[in-house]
Protein chains: 2
Amino acid sequence: MADTVGSLGMDFPPPPAGIERSAQLMREFATRHGAESRRVVLVTSGGTKVPLESRTVRFLDNFSSGWRGAVSAESFLEAGYAVIFLHRHRSMSPYSRRFTALSWLDALRLVPGEDCCQRVEAEQSLLPGIVPVLERYQQVRQEGTLLFVEFGTLSDYLHLLRAAAEALNPLGSCAMFYLAAAVSDFYIPASEMPEHKIQSSSGPLQITMKMVPKMLAPLVKDWAPEAFVISFKLETDATLLIPRARKALETYRHQVVVANLLDTRRSSVVVVTSNSESSISISESEAEGGVEIEEKIVGDLKTRHTCFIEK
Amino acid sequence: MADTVGSLGMDFPPPPAGIERSAQLMREFATRHGAESRRVVLVTSGGTKVPLESRTVRFLDNFSSGWRGAVSAESFLEAGYAVIFLHRHRSMSPYSRRFTALSWLDALRLVPGEDCCQRVEAEQSLLPGIVPVLERYQQVRQEGTLLFVEFGTLSDYLHLLRAAAEALNPLGSCAMFYLAAAVSDFYIPASEMPEHKIQSSSGPLQITMKMVPKMLAPLVKDWAPEAFVISFKLETDATLLIPRARKALETYRHQVVVANLLDTRRSSVVVVTSNSESSISISESEAEGGVEIEEKIVGDLKTRHTCFIEK
């Protein structure tokens, strides 16, 4: 694995500690679910960190709470997929996303138990929906259909993406890649990075960053060529959205781009393929009723995935 | 409040929504504890986001989990202070820092209760230390000695820091500022910021950032001139550490710099004043016993604060 990303001609740090362990877990996960004829999806989620110094104090980051990835992972599990959840450290996780760190402490109570021991009990009214969430989470844990894999930096992400693709490749068209992570387009090559913290006394900061080669190209061509691949396109300028989605499909030759605008991403997306464009949205009343757009996106993609497998 | 930061000659976005409410909560908090002769400390914690686009997709960030601020806040509460915890959104919080988002779901069990209802109970062995942590947290909540105030961007942080300083100023020397947040030294003025997402197709990224004027200057001189002020200096190069700490004290004329190196910050710091340098460290056996260096730092600063008040 030592040169997985290096071999792509980039000047990146070595793979993260523990990558062999993660790769092995992903291979075992894919093999087990493949044997049970279960489809497996890799959901990537959260932003990537791009260090500006090799002993990192400062970094460039991408806006992403991990909301879309976390909700989508839940929807894929409901739809019968096994899910590898490749997510940014401390971004949102499926199921736990509904509750904040402090909401747990606020909701817990010490109550007298047997033998003078205290029991710790949750006040359910302070954790709305906790019972069904907990039931579903524990069922998923028991079935072993959800695997958590964590990254921090862009480099870690790229190494792990390749390891995931190699793990899923044996599943052929039954594997799906749902690349919802907000991956940086820019990085500073390891050889050009200052070792120490950039000193603020040296005046204004000038940063020059190179473009990150898109990993979609080797993913689609070499790493998992039979898989069903979905990328995301987030823009702020509506006029650029569909042209850029089309451009990505032409360049990388994968199956689907889910295109969305920053301001409306929670209520509206366009699913773009080489020969179609379909809008998916949720109405205000659906949103009030707790419907999340990711359920609809995943439902749509599952149908497309079925057609893709049958072809 | 509209021009609190603007009036410092910077080109910053307007104050965050809700700043008036936060300012009012801080004023009430300071007044209440001042009336009870309790010292009040502002603990700042976590990194600051610096947007690169006005509809933000990308931002520059500073390395900080918020660990030091969260542990220090607990130590100040133990030492009898009331604490305003001004922290980055989703950084670590006092008390809840010990447990991850998923550890909660993993530890909770559904058990049969009365009337066919299910109770939600925590498996204590999966949440080490939960009983004393919960007891302490609930006591703090009941006493009202901990106020949470949240920021995201550098601009929000600066506006809220000024509001906090104005709230604490009436307490004179009984107010302490413990500025542990990792505040960006650089920013892009609002007028120079592109509106839309920077396009990666335009080639390598060139970023030029201006230096952020240090808010320590007006804090010490104008906003809370009688308060006891501690700043932090994090470096990666050991030879620069003490000279930079001394330089900061000479420039801003505050009372203490806590100087630390990135790699050893959890076990060793130097407390620097205009006429002294004292090392604080924890041994391996102390670390194994659960002692945290923040307890010692806070103990040291409390003593210095007492001398400062008496002078």
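Which side chain meets that of B:Asp185 in a salt bridge? The partner is A:Arg58, with 2.5 Å from N to O; a salt bridge here is a side-chain nitrogen of Lys or Arg within 4 Å of a carboxyl oxygen of Asp or Glu. By this rule, six salt bridges cross the interface of chain A and chain B.

The structure is a predicted model, in which local features need pLDDT of at least 70 and side-chain atom pairs count only at pLDDT 80 or more, while totals for chains, interfaces and linings use all residues. Residues are numbered from 1 along each chain as its sequence is written, chains are lettered from A and ligands numbered from 1 in the order in which they are written, and side-chain values use heavy atoms, with hydrogens and water left out.

The size of an interface is often given as the accessible area lost when the parts come together. Chain A and chain B bury about 6300 Å² between them, 57% of it on carbon and sulfur atoms; buried area is the accessible area (1.4 Å probe) that two parts lose on being put together, summed over both. In chain A, the residues that lose the most area to chain B are A:Arg90, A:Leu105 and A:Thr236, which together make up 10% of what that side buries. The contact, meaning heavy atoms within 4.5 Å, takes 63 residues from chain A and 63 residues from chain B.

Attention now turns to the cysteines. A search of the whole structure finds zero disulfides over all chains, a disulfide being a pair of cysteine sulfur atoms within 2.5 Å. For A:Cys174, the nearest cysteine sulfur is that of A:Cys307, 14 Å away. A:Cys174 is partly exposed, with a relative accessible area of 29%, and B:Cys117 is also partly exposed, at 48%. In these terms, buried means under 20% relative accessible area, exposed over 50%, and partly exposed in between (1.4 Å probe, protein chains only).

A last stop is A:Leu261, found in strand S12 (residues 256–261) of chain A; strands (E, at least two residues) and helices (H or I, at least four) are DSSP runs, numbered from the N terminus. A:Leu261 is partly exposed, at a relative accessible area of 21%. Not counting residues up to four places away in sequence, A:Leu261 touches A:Leu234, A:Glu235, A:Thr236, A:Asp237, A:Ala238 and A:Leu241. A:Glu284 lies 23 residues from A:Leu261 in sequence and 18 Å from it in space, C-alpha to C-alpha.
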